[in-house]
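Welcome! Please take a look at the sequence and the model before reading on.

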Amino acid sequence: MNIDIYYFSGTGNSLAVARDIALRTDGKLIPISSVIDEEIIKTDSKAIGIVFPTYYEPYGGVPLIVRRFVDKFENINKKYIFAICTYGSGSFKALKCLEKIINSRDGKLAAGFTVNMPNNMAGSSINNPVRQEKMLGVWKENSDFISDQINSRAEIRFNTPNVLVGKLYWLIRILISPLIFLFKPLTLRHLKRFSDSKNDSYSEMLHIWIKAFIIMVIVKFVVIALKSVQ
Ligand SMILES: Cc1cc2nc3c(=O)[nH]c(=O)nc-3n(C[C@H](O)[C@H](O)[C@H](O)COP(=O)(O)O)c2cc1C
């Protein structure tokens with residue numbers, strides 16, 4: 001085996017992707033959680049893969065454990081690095097953000113792939129079984145191509161099609177991007193309040209979640225009403 005595939009996975013999507021890639025590249029699967037407590041993370045392999053889910057895309061999208069992993073990796077500047085980022089609704093920045101973190105250690109993200117998978121984010125609606133099947137089908141179709149790129153140590157960026165919004169993906173991305181600027185200061189303010197609060201952070205958080213939930217229910221009602229009018 002000449003490739004180490006490090007993965008972080010909350011509910012199994014990224015693990016499934018990492019496993020498929022390991023099979024096709026004769027790679028060794030290593031959970032990031034099993035090495036993250038080491039002072040220095042190192043390997044003799046010349047190539048490493050990092051597979052992870054998008055977490056909070058507007059704020060970079062790279063889970064903290066993955067950032068810490070990169071920071072601790074010895075001789076990262078001497079490796080061929082590929083990354084696969086799974087996502088539920090959209091991952092526009094996560095690979096770019098990871099690239100910056102790797103660059104800050106003088107390394108280079110040679111290849112990056114995004115893979116649309118069932119959404120496990122609290123508060124988002126669960127993708128229906130048909131859509132889930134479709135996503136897994138798209139992954140199966142693309143996994144050979146992605147593995148071939150990794151096996152040939154290619155330098156490439158590749159996004160699997162977004163099943164949720166299909167061909168309108170880029171249009172929606174352009175339309176939604178400005179909204180992120182609106183929500184970002186608001187969310188950051190709330191997050192700052194959590195980090196400052198000493199004892200009551202849970203009840204405070206609950207309060208905001210209830211507000212967010214009520215707004216979400218109202219928005220859903222409006223959407224359903226609009227659909228039934230059409
Ligand atoms: C805390 C959290 C934040 C998330 N943020 C995003 C996000 O910003 N954009 C997105 O497309 N998906 C987001 N997701 C969905 C996951 O990226 C997606 O479902 C992923 O495939 C889960 O992979 P896993 O099963 O390996 O954990 C989030 C999920 C969680 C739990």
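## Before you start

This is a predicted model, in which local features need pLDDT of at least 70 and side-chain atom pairs count only at pLDDT 80 or more, while totals for chains, interfaces and linings use all residues. Residues are numbered from 1 along each chain as its sequence is written.

## The overall layout

The protein chain has six helices and six strands. Both kinds of element are DSSP runs numbered from the N terminus, with helices (H or I) of at least four residues and strands (E) of at least two.

Of the 230 residues in the protein chain, 29% count as buried. A residue is buried if 20 or more other C-beta atoms lie within 10 Å of its own, exposed if 12 or fewer, and partly exposed in between, with C-beta atoms placed from the backbone. Among the contacts in the protein chain with a separation of 6 or more, 75% are between residues 24 or more positions apart. Two residues are in contact if their C-beta atoms, placed from the backbone, lie within 7 Å.

## Helix H1

Helix H1 covers residues 13-25. Its 13 residues should span 18 Å at 1.5 Å a residue, and the end C-alpha atoms are 18 Å apart, which agrees. The expected span is 1.5 Å times one less than the number of residues in the helix.

Which residues of H1 are buried? They are Asn-13, Ser-14, Val-17, Ala-18, Ile-21, Ala-22 and Thr-25. These residues cover an arc of only 165° around the axis, which puts them on the same side of H1. The arc is that of the directions from the helix axis to the C-beta atoms. The cover over the buried residues of H1 includes E1, strand E2 (28-31), E3, E4, strand E5 (109-116) and helix H4 (129-151). Just after H1 comes Asp-26, with a positive phi of about 55°.

## Helices H2 and H3

In helix H2 (residues 64-72), the buried residues are Val-66, Phe-69 and Val-70. Viewed down the axis of H2, they fall within an arc of 95°, so they line one face of the helix. Their packing partners are strand E1 (3-7), strand E3 (47-53) and helix H3 (94-103).

Helix H3 has its own buried residues: Ala-94, Leu-95, Cys-97, Leu-98 and Ile-102. They too line one face of their helix, because they fall within an arc of 160° when seen down the axis of H3. The buried residues of H3 pack against H2, E4 and E5.

## Strands E3, E4 and E5

Strand E4 pairs in the parallel sense with E3, over seven bridges. Here, Ile-50 stands opposite Ala-83 in E4. Seven bridges also join E4 to E5, and these two strands run parallel. In this case Phe-82 stands opposite Ala-111 in E5. Two strands pair if DSSP finds at least two bridges between them.

How many of the eight residues of E4 are buried? Seven are, so E4 is largely enclosed by the rest of the structure. E5 is mostly covered, with seven of its eight residues buried.

## Around the ligand

The ligand is surrounded by 23 residues, and the closest are Ser-9, Gly-10, Ser-14, Pro-53 and Glu-57. A residue is near a molecule if its C-beta atom, placed from the backbone, lies within 6 Å of it. Helix H1 (13-25) and strand E4 (80-87) are the elements that give two or more residues to this shell. H1 makes the largest contribution, with three residues.

By type, the shell divides into seven nonpolar, 15 polar and one charged. Ala, Val, Leu, Ile, Met, Phe, Trp, Tyr, Cys and Pro count as nonpolar, Asp, Glu, Lys and Arg as charged, and the others, Gly among them, as polar.

Gly-60 lies in the loop between E3 and H2. It counts as partly exposed because it has 17 C-beta neighbours inside 10 Å. Leaving aside neighbours within four places in sequence, Gly-60 is in contact with Lys-93 and Cys-97.

Lys-28 is found in strand E2. With 16 C-beta neighbours inside 10 Å, Lys-28 counts as partly exposed. Lys-28 and Ile-48 are 20 residues apart in sequence, and their C-alpha atoms are 9.5 Å apart in space.
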